[in-house]
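Notebook open, structure loaded. I wanted to look up a few things and jot them down as I went.

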Amino acid sequence: PPSVAPGERYAIYSTPYGKGAQHWTRVMLPIELGDTQPSIADQDGTVTVLASGPVSAGNHGHALVALPGKEFGDHRGPCSQDLGGNLSNSKAAIWASCPAGHDSALWISTDRGMTWHPTGTTIPDPGRAIGAIDDQNAIVYDADKAGLSQVTGAGSMTEIAGPAGTDIAGANFIGFTNPSSGFAVVQMRNGTSELLRTTDAGQHWPAITLTQ
């Protein structure tokens, strides 16, 4: 269902970094974003946005790309119209998880969102959490295995063993700060949430204990 009230549309605002008061300015876009929540990624100043926008040929959504200091251009996106998708970027690539009924298809862009190619891999859950490691590897939530799995650009999918590999009911966020280190926020089947961390490129995900 739409993420906002009927007739309303999403918009993008930006502000420069700084220690003083921040002033947010609406970004001019070549299309209306629509009422399906967009996803945004930033690769060293190049910003890519997945949006539904107006109906396009082939029922594909839009990928809006803005080089540093430039306006957004409208490109063919990887996900289906009105279903949205989720982005995760490394320095080398952007991964997109595109819901498609009972599963999600994975796509990769190595030119900062201007063109996309399918990995040939689908994950058995229409969820959107994905963590890009580089242009060939990413971490996703695997509903069939009730845990995390590593996927590759070549189409393989490998279950991650260990504490993070069992009893996970879903993932809200997976992301990497560099190719070795990353974090995941997951929901466990007992109703609790856990913050996981990896320091070996996603092979192991021990839980982080938070203390006051």
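This is a predicted model: local features need pLDDT of at least 70, side-chain atom pairs count only at pLDDT 80 or more; totals for chains, interfaces and linings use all residues.

**Cores.** I started with the largest nonpolar core, which has 15 residues. By nonpolar core I mean buried Ala, Val, Leu, Ile, Met, Phe, Trp, Tyr and Cys residues joined through side-chain atoms within 4.5 Å. Buried is under 20% relative accessible area, exposed is over 50%, and partly exposed is in between (1.4 Å probe, protein chains only). Ile139, Leu148, Ile168, Ile174, Val186, Leu196 and Trp205 have the most contacts inside this core. I then checked which elements give it two or more residues, and got β12 (137-142), β15 (168-176) and β16 (182-188). The top giver is β15, with four residues. My strands are DSSP runs of E, at least two residues long, numbered from the N terminus. Another core lies apart from this one, with 11 residues, including Tyr10, Ile31, Leu33 and Val49.

Numbering runs from 1 along each chain as its sequence is written, and side-chain values use heavy atoms, with hydrogens and water left out.

**Aromatics.** I searched the whole structure for aromatic pairs and found one. Rings of Phe, Tyr and Trp (its six-membered ring) count if their centres lie within 6.5 Å; planes under 30 degrees apart are stacked, over 60 edge-to-face, and the rest tilted. The pair is Phe176 with Trp205, edge-to-face, at 5.9 Å centre to centre and 85° between the planes. Phe176 sits in strand β15 and Trp205 in the segment after β17 (193-198), so I logged a link between distant parts of the chain, 29 residues apart.

**Disulfide.** Cys79 and Cys98 have their sulfur atoms 2.0 Å apart; the cut-off for a disulfide is within 2.5 Å. The S-S torsion is about -70°, so I wrote the disulfide down as left-handed. Cys79 is in strand β6 (residues 73-80) and Cys98 in strand β8 (residues 94-100), 19 residues apart. Cys79 is buried at 6%, and Cys98 is buried at 4%.

**Sheet.** I traced an open sheet of four strands in the order β3-β4-β5-β6, with antiparallel pairing. Pairing here needs at least two DSSP bridges between the strands. β3 (39-43) and β6 are the edges, each pairing on one side only. Five bridges join β3 to β4, and Ala41 has Thr48 in β4 as its bridge partner.

**Two residues.** Leu64 is in strand β5 and is buried, with a relative accessible area of 0%. Skipping residues up to four places away in sequence, I listed what Leu64 touches (heavy atoms within 4.5 Å): among them Leu29, Ile31, Leu33, Val47, Val49 and Phe72. Ser52 is in the loop between β4 (46-51) and β5 (60-66). Ser52 still counts as buried, because its relative accessibility is 5%. With neighbours within four places left aside, the contacts of Ser52 include Leu33, Thr36, His62, Gln81 and Asp82.
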